Amino acid sequence: MTAHVDVIVIGAGFSGLYALHRLRELGFRTQVLEKADNVGGTWLFNRYPGARCDIESIEYSYSFSEEIQQEWVWTETMPAQPEIEAYLNFVADRLDLRRDIAFGAEVVSMVFDEDAAVWGVETAAGPSFVARYVVAASGILSVPLEPTIDGLDSFAGTSLFTSRWPEEDVDLTDRRVGVIGTGSTGVQLIPVVAREAGHLTVFQRSPAYTLPWHVRPFEPGELEDLKSNYGEIRELQRAHPVGAARLSAFSVLLDMLAMPPLKTASREEQLRAIDENGVMGALSWGDIFFDIEANQMAAELYGEAVARIVEDPATAAALKPTHPFGCKRPIIDQGYYETFNRDDVALVDLREDPIVAVTPAGIRTGQRHHELDVIIYATGFDAMTGALTRIDVRGRDAMSLADFWGTRGPYSYLGIAVSGFPNLFIIQAPGSPSAATNFVAAMEQHVEWIGDCLAHLRAHDHRTIEALPDAQREWMEHATALVARTVLVHPTCNSWYNGGNVPGKKRMYMGYTAGIPEYRRRCDEIAEAGYTGFKLG
Ligand code: NA7
C-alpha cells in the first residue's frame, strides 16, 4: 500500500517534531516516519548514565510556543537525558503530533521521480509513501560508529553501546567494567560508572580537553523568574552567534577569543591563570584558535593543570591531550579528572598500548589482558551525513547521495539542500550552523525557513526546487574560507566535525561558523530575492 502526502519528514526528534507542527500549521499533509517506537531521536537512544546537554535547559528548548515554554518545568540548569526525553514526549502530546507519526518506520530508500516530481519513499517494514517534498530530520549524531576491533562479538560478558543504551536499569555494582572512548559521551559516563562499578578501566585513544562545569538544580522560584523574562531571554539568544546567550560550552569558547594572547604572556601570568582557573585557565587565551604554536603552549599548560588534579604522575601525563584545543567539540565534565584518583579506576593509554582484540573474557592490549564483565563502547558517530548515506537516496538520473558525498565531499547549499536532489530539504546538512551552535536554535531557523519556502512554492504553483551547482560550490567555499585560518582544519585533528573520526570518510569541516544571526540574514535575503541559488520548476 502506498500513501500519498505532501511532505514526508524523516525522524521524530527535536527537528522532526517541530517540522511536523509547522508544516501542519501551514496546511501541508505531513507524515513523519520514525524508526524507533517513540519520539526523542538522539535523546531517546543516548540514555547512558550521565547523559546531559551542555547548553542551559531554558535555551536548549523550543522557542516557537509561548505555552510550551511556560508550561514545561525544567528542574536543572543543564538538562539530563531523561528530562529532555520527557520534554519531547510532552511536546508531542501537547501538540497532538503522534497521530501523524508512524513509529517503527525505518526509511530504507528514497527515489525522485523526475516526471511526476515526487519522492517515492520505502520503509523497511513495508509501507511506502509518495510525497512532493521530503524533509530529512534524521539527526546529525544519530548513526553510531561501532569500532572494528577483532573479536568484538566474542565477548562473553555484557557489551553496551552508549548510543543504544537499554531502557531497563543496568546494574554495574561489583562488576569489572571497561569503557572505550573519551569524547563527550565517555567523559560524561566515566565518573558515573566509576561510582557504581566494582572496578573501571578506561581505554583511551585520544585524551580530551574537558571544561569543569557546575550543574545544579534550579533554586526555588528561579525558573519562574526566568520564565517571566522569557521574551528577553529568547531575544538575546536569537541575536547570539551560537544560539545560546547564557553559559554554554560554546559561549565559553567565544569568551576565550576575547582573552589576551598566550604567546606574549609571561610565565607568571600563565601560572596565575591555572592557579585561578585550573584547566579552564590553561585554555583561556585569545590566540589559540588561530595560532597552532599558541595552541601547543596551551596544551602544555593544560597538562600542568591536569597534573595538579590527578595524583599519579603517569596517569596525569597520559591524560594530557595532543590534538589542538578547539578543533573538536568542546566537552564539559563533572569530576572527570578526579575520577582517576580513585583506587578502583585505571587508565590504559592506547597510544602506548593499543587494543589487540576483544576476547571472551575482556580486552587484550599489546601489553596485557584486562579481565572484564562489561564493555561499554562510547566510540562516537558517523555524524552529519551518516543518517542519509545509510538510506539509498536517489536524485536526478538516479544519482546516489551517498556516492556524491563520498566522492565529492559533503557539499550542500546553505546546509539545507543538495544539487541534484530536488525537493529534498535536510535539517542541518553539512554547511549549516548545526555543529558549532545550539542545535535547537539552529534547527528552529531551518524548519521555519523550509516551511516558508514550501508555502512560497505552493503559492506560485511550483513543483520543484533544486539547489544550483554553482550556488552550492560558492556556499561551500564561503563556509570553508571561514575556518581556513583556524585550528578547526588542522591536519592532526580527527573529529566528527570534519569526518576524520570515520575511516575513509571524505574530510572537510562540516559546520558554518559565521553564527546563526548572520546565517539567518543570508537565508532570509535569498528567500526574499525569490530563492536565489535555487532553480524553481
Ligand atoms: P566522539 O567525540 O567522536 O568520541 C568518540 C571517542 O571514542 C573518542 O575518544 C575516540 O577516540 C574513541 N574511539 C572511537 N573508536 C575507537 C576505537 N576503535 N578504539 C578506541 N577508541 C575509539 O563521540 P561522543 O559520542 O563522545 O560525542 C559525540 C557528540 O555527542 C559530542 O561532540 C556532543 O555533541 C554530543 P579518537 O578521538 O578517535 O582517537
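**Domain interface, ligand surroundings and salt bridges**

The structure is a predicted model, in which local features need pLDDT of at least 70 and side-chain atom pairs count only at pLDDT 80 or more, while totals for chains, interfaces and linings use all residues. Residues are numbered from 1 along each chain as its sequence is written, and side-chain values use heavy atoms, with hydrogens and water left out.

**Domains**

- Domain 1 comprises 2-39 + 97-143 + 382-536, and domain 2 covers 152-375; the bounds come from an automatic or database domain assignment.
- The C-alpha centres of domain 1 and domain 2 are 31 Å apart.

**Interface**

- In contact across the interface are 20 residues of domain 1 and 22 residues of domain 2, where contact means heavy atoms within 4.5 Å.
- Domain 1 and domain 2 bury about 1600 Å² between them, with 57% of it on carbon and sulfur atoms; buried area is the accessible area (1.4 Å probe) that two parts lose on being put together, summed over both.
- Of the area that domain 1 buries against domain 2, 29% is supplied by V487, Y497 and R520, more than by any other three residues.
- The rule finds 6 residue pairs in polar contact across this interface, both residues at pLDDT 80 or more. A polar contact is a pair of N or O atoms within 3.5 Å; within protein, one must be able to donate a hydrogen and the other to accept it, and residues adjacent in sequence count only if both atoms are side-chain atoms.
- Helix α17 (residues 516-528) gives the largest share of the side of domain 1 that touches domain 2, with 3 residues; helices are DSSP runs (H or I, at least four residues), numbered from the N terminus.

**Ligand**

- The ligand is surrounded by 18 residues, and the closest are T185, R205, S206, R329 and W496; a residue counts if one of its heavy atoms lies within 4 Å.
- R205 has a polar side-chain atom 2.9 Å from an oxygen atom of the ligand.

**Salt bridges**

- The count comes to 32 salt bridges.
- One of them pairs R246 with E56, whose closest N and O atoms are 2.8 Å apart.
- R246 lies in the loop between α7 (230-239) and α8 (249-257) and E56 in the loop between α2 (42-45) and α3 (66-71), so this pair ties together parts that are 190 residues apart in sequence.

Technical notes: Helix = DSSP H or I, 4+ residues; strand = E, 2+ residues; numbered from the N terminus. Salt bridge = Lys/Arg side-chain N within 4 Å of Asp/Glu carboxyl O.
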